[in-house]
Amino acid sequence: MKQTPFDLLVIFFVIIPLHLASSETLPSASPTKCHEQEQSASLEFKQSLFHPELKTRQLYHDPSKLESWKVEDGDCCGWEGVECDEGTSYVTGLDLNQSCLSGPINSKASLFRLTHLQNLNLAFNDFNHSQIPSAIGDLVELTSLNLSMSNFGVLKLTNLTSLDLFWNFRLELRNPSMETMVQFLTKLEYLDLSLLDVSAPEPDAVANLSSLTSLGLFDCNLQETFPTTIFELPRLQFLYLGGNAELLGHLPEFHLHSPIKSLNLWRTNFSGSLPTSLGNLAFLRNIPSSIGNLTQFTMLNFQDNKLSGEIPSSVGKLIQLSYLCLGMNLLSREIPNSLINLTNLTSSDLHDNQLTDMLPLSFNEFSLIIEPDTNTGLSNLSALGLACSNLSELPILLSSQSGLRWLDLSQNSIYGQIPQWFFKVHMSQLLFLNLSRNLITSFTTFKWPNLKIIDLMHNDIQGLLPIPPKSIEFYLVSNNNLSGEISPEMCQLSSIRMLDFSKNRLSGVIPPCLGNLSKTLSTLSLNGNDLYGRFPQLQSNVCSLIMIDVSDNQLEGSLPRGLANCSNLEFLNFENNHIVDTFPSWMGSLSYLKVLILRSNSFHGAIGKPKTRHQFSNLQIVDLSMNNFLGSLPFEYFDMWNAMKIHDTYDDGYYYGSYGSSNLPIRYDVGEYDYSMTIINKGILMEYPKILAYLNVIDLSSNNFTGEILNSVGSLTQLRMLNLSNNALTGSIPLSLANLTVLESLDLSSNKLSGMISPSLAQLNFLAFFNVSDNRLSGPIPQAKQFTTFENNSYEGNFGLCGVPLTKKCGNPIEAPPAPPSSASAEELNWKIVLMGFGSGLVIGVVLGLNTTSRIERRFLRFYRGWQGRQMHQIRFV
């Protein structure tokens, strides 16, 4: 199962918060005194798995809960997260949700000595993909089990009424299968298997769980046809099937008293028309009280399916509906008048449909039943999404929306200046505004004091950079025509988390006071401008920066040493500036740094050996090209770059980036933010608007590196691109390169390499680019697999190479002609020396001859032993 960035956005900001809300349901601890053996078992469990240092990186964490467990307190029933029975004093509940637990857990864990447990919550911890221990089945009194997002890699608990296995990516319901499991869980009321590999047709078994009220099967790899009998379960209130792209099905007709309160088919393959009986779900709600008591948030989400036909007028009967999403279907005709009767409807998102029967509101592909001069029908909207609706101007509907909090008009054709009436609308509650990917030329001011997110990217906005309100958290204006300097007023944005001013025409220096924002700022992108001067020094030891991109400017000086305090830094790009510095080995402790791009600056000197172990252990993209580095290649660092040695399937299909978590609901969030870069691939400077997370690159080209390419480079088995061209490297091409089985591009051109091209390199099946031109290589070119696709320019400038595609044929080696009789061997020469010295002194002649023989012999032995050693060293890596 692979999730896109948008999928993860849904998970992070809709599903996870609900799980957090539902996971804190244990009553307060009982004042009774617990049993000594249970207190001992609890402390032993804490000691074996508690790692409070994880709090610096985990998404959810709270070490304080387990830090309160102290033996001197003498009563575990008073500990946070522990619930005891008032009569027996046995521990009946453990809530260790997000408690920094880490490590494998097995059936011998002291946890299972708490045999009276009824409620167990281990959600949001990391159990290292270990199997769910079978000893859980011995907790016969257990009724509620929450293992969501705990990295478990089921069980016969016949009394369970609640089972939450949400987000255990590598857990597959195979043995036992889902069908086998639910046979024993007949009392289940709440079941969440989201992000497990469940497959189909096993969901049929769920139809027998007559007590079920909540069922979550988000992104479970469900396939084939979903059984309609599950919609008819007598107590089912919450059904979430989103993210199963291959799940077929259709909506049944709902009977008058259907208990369903929440229905989500987002990104499934349901088809057919919306049932006219949809209005029978008169109290449709998104979240039932069984998972967090969030009953005031109501929602209907059928986005991204193949539903067709018109929206039934019965939708107007859903009197408590507050969120309606029917986007990306095949729905036609206009929205019915009855929709205006939904007085609780505070947000609507119906973009990317094929709605016809246009009305004059400039919505084109989206039309509301409202007269052009009337705005009273939907005057209480708090959220409005009209993205991709082919708008050419701002709809007049907005003039009466004083309560708007979220507004998305992105990816339309809105042209020219923003009209003044829009700035005069009293939207004091507006938090989110997205006008990106339009044709706007002017946006001069902000009139909304509480605005937190503004996205104006990809327009044609000119003039000075507008100053946002101090409340702003995300300010995105990249890919416009803004000019002038960055005002020091930007330093007053005390809540700012993301600044993207990239690809404009900004000039001047970066205000030094921006360094004061490092406590809150996580993403800073200023690339593609005309900024000069030094990068600001960070003014605090606390640094929240995750991404910094100031490439393609004219920055000078050295890298600020304060970056060493940015312990969460993942992406650093100073490409194409005028930085003068040595290799930043002082950043080696940044264990989350994945991308380091310093190309085309004035870095100089030898890289040297790492001062400590595990330097840059997570690096996956290293570009130091076009600098003045010298000395040998940094092979000691190669040994430490473990992320380039192991393939993590979690990275497949993902991109480097961050998510705009603004502590607001999903609809108010900026969404995914992709990192980008330019890099030389296959000899061409290529732009990557997105960077696949599995991409591993080393580019050390165009420097002054000397010495040989050691075999240790072959240990980086997940390397995709290796560029060592335009240096002064000597020796042969190491045979260990044949270990780089996923290598796509190899450039060793313009060096002083000698020897042959090993035929073993032909086993690199993914190699699409190979360049060894302008070296001193000799011998035949391999004639197999990928090597049959490379052209002359891959080999030119190596006068000793032969074979296709070169015109020089290899043929049979020509034997050397026999030595002419007049030529003298070394031994004969020695005797001549003796004879020549006979007249002037026999002893002197003999000494000369022996000395000459000794030198020749020593030179030959030194050459032979060196050649033999190199051959044996290479054989080890074949």
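User: What should I know before reading the values?

Analyst: This is a predicted model: local features need pLDDT of at least 70, side-chain atom pairs count only at pLDDT 80 or more, and totals for chains, interfaces and linings use all residues. Residues are numbered from 1 along each chain as its sequence is written, and side-chain values use heavy atoms, with hydrogens and water left out.

User: Why is S522 called buried?

Analyst: Buried means under 20% relative accessible area, exposed over 50%, and partly exposed in between (1.4 Å probe, protein chains only). S522 has a relative accessible area of 16%, so it is buried.

User: Where is S522, and what does it touch?

Analyst: S522 is in the loop between β27 (505-509) and β28 (523-525). Helices (H or I, at least four residues) and strands (E, at least two) are DSSP runs, numbered from the N terminus. Contact means heavy atoms within 4.5 Å. Leaving out residues up to four places away in sequence, S522 touches R497, S544, L545, I546 and M547.

User: What makes a set of residues a nonpolar core?

Analyst: The members are buried Ala, Val, Leu, Ile, Met, Phe, Trp, Tyr and Cys residues, joined through side-chain atoms within 4.5 Å. The largest such core has 113 residues, and Y475 and W641 touch the most other members. Helices α5 (420-424) and α6 (635-638) each supply at least two of its residues. The largest share, three residues, comes from α6.

User: Which residues does Y475 contact beyond its neighbours within four places in sequence?

Analyst: Among them are F446, I454, L465, M490 and F501. Apart from this core lies another, of 64 residues, including C76 and L101.

User: What makes β23 an edge strand?

Analyst: Two strands pair if DSSP finds at least two bridges between them. β23 belongs to an open sheet of five strands, in the order β23-β25-β27-β29-β31, with parallel pairing. β23 (462-463) and β31 (554-556) each have a single partner strand, so one side of each is left without a neighbour in the sheet.

User: How do you know that β23 and β25 pair?

Analyst: Two bridges join β23 to β25 (residues 481-485). The requirement is at least two. In β25, L482 is the bridge partner of G463.

User: Are R561 and D581 buried or partly exposed?

Analyst: R561 counts as partly exposed at 41% relative accessibility. D581 has a relative accessible area of 6%, so it is buried.

User: How many salt bridges are there by this rule?

Analyst: The count is nine. One joins D95 and K65, with the closest N and O atoms 3.8 Å apart. D95 lies in β2 (residues 91-95) and K65 in α3 (residues 64-67), so the pair ties together parts 30 residues apart in sequence. E575, R599 and D623 are linked in a network of salt bridges.

Conventions
Salt bridge = Lys/Arg side-chain N within 4 Å of Asp/Glu carboxyl O.
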